[in-house]
Amino acid sequence: MTDDPFLAHRGLLFTVAYEMLGSAADADDVVQETWLRWADADRAAVRDPRAYLVRIVTRQALNRLRTVARRREDYVGEWLPEPLLTSPDVADDVELAESVSIAVLTVLETLGPTERAVLVLHEVFDVPFDEIAEAVGKSSAAVRQIAHRAREHVAARRPRMEVSRAEQQRVVDRFLAAVTAGDVQGLMDVLAPDVVVVADSGGLAPAALRPVTGQLRVARALARFADLAPGVGIATPLINGTVAAHVDAGGPFDTAITFVVEDGRITRVYAMRNPHKLGRLGEVTDLRR
């Protein structure tokens, strides 16, 4: 175990930044900025290094959120968080797995920067309100109110994620079997009636620019994949804490797909096709709390 608090908590700092930003590249930059400030700090005056570092990374992430807002407004098509290959330990930590799932990170995108910071720090990392208040520059009372509003906002929009990994695997396997066979009926059987597919290509790969909705419409669209890419390789790794699919890694059809499974059927499909967001899928990312 390292004696340097920054190195000891680096996984935690990355996870805080990633949950606030939805981008591993931006999270890396924020963690680096945090290191620079830690290197210049008077460490003898720091009573709680973990709290101090979380405060710095939060402030840097808030600054970064404001600077990337315009970039995301100009983004071509739908914007999805950057997918990360995760270890079984993350999937086994139900609370962490849900908090880093693409589904929940997408919901967090609908919050303002301060709301997102407050919710992530308190709900996921159990940071006391007083410490959060210092990090975001608000009073403790204001932070409590922000947390309450953000919690209600997210609760109304987040999917139910209480599905075992074994059930996720079964449903994803059925989905992939139907997709690779071009089986419309098989897809209809595994997709919920109100299923939604969201794809992110950033204009750099073929993909729908708007969400595709409805069981039959989605099934017919996905069934064409068998003719477009016969025999293509598909793996089912853990991505953002859930069973996912990685299609044709590094090839022309390179796509990371995550799913929301409810009551044995898929209710949402998130397909990442932007090549700039697929680079981290070659190695497991350290997500610690």
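By class, the lining of the largest pocket has 21 nonpolar, one polar and two charged residues. Here Ala, Val, Leu, Ile, Met, Phe, Trp, Tyr, Cys and Pro count as nonpolar, Asp, Glu, Lys and Arg as charged, and the others, Gly among them, as polar. This is a predicted model, in which local features need pLDDT of at least 70 and side-chain atom pairs count only at pLDDT 80 or more, while totals for chains, interfaces and linings use all residues. Residues are numbered from 1 along each chain as its sequence is written, and side-chain values use heavy atoms, with hydrogens and water left out.

**Pocket and cavities**

The largest pocket holds about 700 Å³ of space. Of its 24 lining residues, Pro206, Ala221, Leu222, Phe225 and Arg273 are the closest to its centre. At least two lining residues come from each of H11, strand E1 (191-200), helix H13 (215-223), helix H14 (225-228), E7 and strand E8 (265-272). Helices (H or I, at least four residues) and strands (E, at least two) are DSSP runs, numbered from the N terminus.

Pockets and cavities are found on a 1 Å grid over the protein atoms alone. A cavity is a set of points where a 1.4 Å probe fits but cannot get out. A pocket is an open set with protein on both sides within 12 Å along at least five of seven lines. Lining residues have an atom within 4 Å of a point. Grid points are joined across faces, edges and corners, and a volume is the space filled by probe spheres set on the points.

The structure holds three cavities of 30 Å³ or more. Strand E7 gives the largest share, three residues. The lining has seven nonpolar, four polar and no charged residues.

**Two domains**

The chain is divided into domain 1 (5-156) and domain 2 (165-277); such bounds come from an automatic or database domain assignment. Their contact (heavy atoms within 4.5 Å) takes 25 residues from domain 1 and 23 residues from domain 2. The domain centres, taken over C-alpha atoms, are 28 Å apart. Both domains give residues to the lining of the largest cavity, so this cavity lies between them.

**Helix H9**

H9 spans residues 129-136, and Phe129, Ile132, Ala133, Ala135 and Val136 are buried there. They cover an arc of only 165° around the axis, which puts them on the same side of H9. That arc is taken from the directions from the helix axis to the C-beta atoms. An α-helix has 3.6 residues a turn, so residues three or four places apart point the same way. The cover over these buried residues includes helix H4 (49-73), helix H8 (113-124) and helix H10 (140-155). Gly137 follows H9, with a positive phi near 75°.

**Two partly exposed residues**

Buried means under 20% relative accessible area, exposed over 50%, and partly exposed in between (1.4 Å probe, protein chains only).

| Residue | Relative accessible area | Class |
|---|---|---|
| Arg174 | 42% | partly exposed |
| Gly251 | 23% | partly exposed |

Arg174 lies in helix H11 (residues 165-181). Not counting residues up to four places away in sequence, Arg174 touches Asp189, Val190 and Gly264. Gly251 sits in the loop between strand E6 (245-247) and E7.
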